[in-house]
Amino acid sequence: QVQLVESGGGLVQAGGSLRLSCAASGRTFYRYRMGWFRQAPGKEREFVAGIAWSGSTTSYADSVKGRFTISRDNAKNTVFLIMNSLNPEDTAVYYCAAGIVPLSARNVKFWGQGTQVTVSS
């Protein structure tokens with residue numbers, strides 16, 4: 001089993017920044033691709049960003065490229081999502097995920113509980 005706990009969400013004005021953190025635990029954590037998904041009200045959960053265990057491979061949704069950065073600290077079993085130039089369309093519950101490649105919602109094996117990000121205009 002892998003447990004994921006997110007933190008760092010909140011309310012921010014358009015143009016602002018936030019950093020989300022995901023603390024992972026569990027013996028098999030290292031086996032999984034890590035990533036972030038988000039779900040806005042009335043919409044399906046969508047992929048945001050993913051990162052390999054080594055950190056050498058990252059991927060992003062087109063809507064966040066150039067604004068969001070995913071990284072990881074393996075010594076602390078933590079994955080981060082740095083979000084810059086936020087806009088109201090980024091408002092959603094953000095979920096940390098551990099899964100297999102390709103990292104899509106159907107390939108996620110473990111989900112965090114989610115953290116709310118609200119961007120005001």
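Quick housekeeping. This is a predicted model, so keep in mind that local features need pLDDT of at least 70, side-chain atom pairs count only at pLDDT 80 or more, and totals for chains, interfaces and linings use all residues. Residues are numbered from 1 along each chain as its sequence is written, and side-chain values use heavy atoms, with hydrogens and water left out.

Now the overall picture. The protein chain has 0 helices and 11 strands; those are DSSP runs numbered from the N terminus, H or I with at least four residues for helices, E with at least two for strands. Buried residues make up 45% of the 121 residues.

Back to the aromatics. Rings of Phe, Tyr and Trp (its six-membered ring) pair if their centres lie within 6.5 Å; planes under 30 degrees apart are stacked, over 60 edge-to-face, the rest tilted. That gives 4 aromatic pairs. Take phenylalanine 37 and tryptophan 111: the centres are 5.1 Å apart and the planes sit at 75°, so we call it edge-to-face. Phenylalanine 37 is in strand S4 and tryptophan 111 in strand S10 (residues 108–111), so this pair ties together parts 74 residues apart in sequence. Phenylalanine 37 itself is buried, at 1% relative accessible area. Tyrosine 95 also pairs edge-to-face with tryptophan 111, at 6.1 Å centre to centre and 80° between the planes. Tyrosine 95 counts as buried at 14%. Put together, Phe37, Phe47, Tyr95 and Trp111 form one aromatic cluster.

On to the core. A nonpolar core is a set of buried Ala, Val, Leu, Ile, Met, Phe, Trp, Tyr and Cys residues joined through side-chain atoms within 4.5 Å. The largest one has 31 residues, and Leu4, Met34, Trp36, Leu81, Met83 and Tyr94 have the most contacts inside it. Several strands each supply at least two residues of this core, including S3 (18–25), S4 (33–39) and S8.

Last stop, threonine 78, in strand S8 (residues 78–83). Is threonine 78 buried or exposed? Buried, with a relative accessible area of 13%. A polar atom of its side chain lies 2.8 Å from the backbone oxygen of lysine 76. Leaving out residues up to four places away in sequence, threonine 78 touches Ser21, Cys22, Ala23, Ser71, Arg72 and Asp73, where contact means heavy atoms within 4.5 Å.

Note on methods
Buried < 20%, exposed > 50% of the residue type's maximum accessible area, 1.4 Å probe, protein only. Polar contact = N/O pair within 3.5 Å; in protein donor to acceptor, adjacent residues only side chain to side chain.
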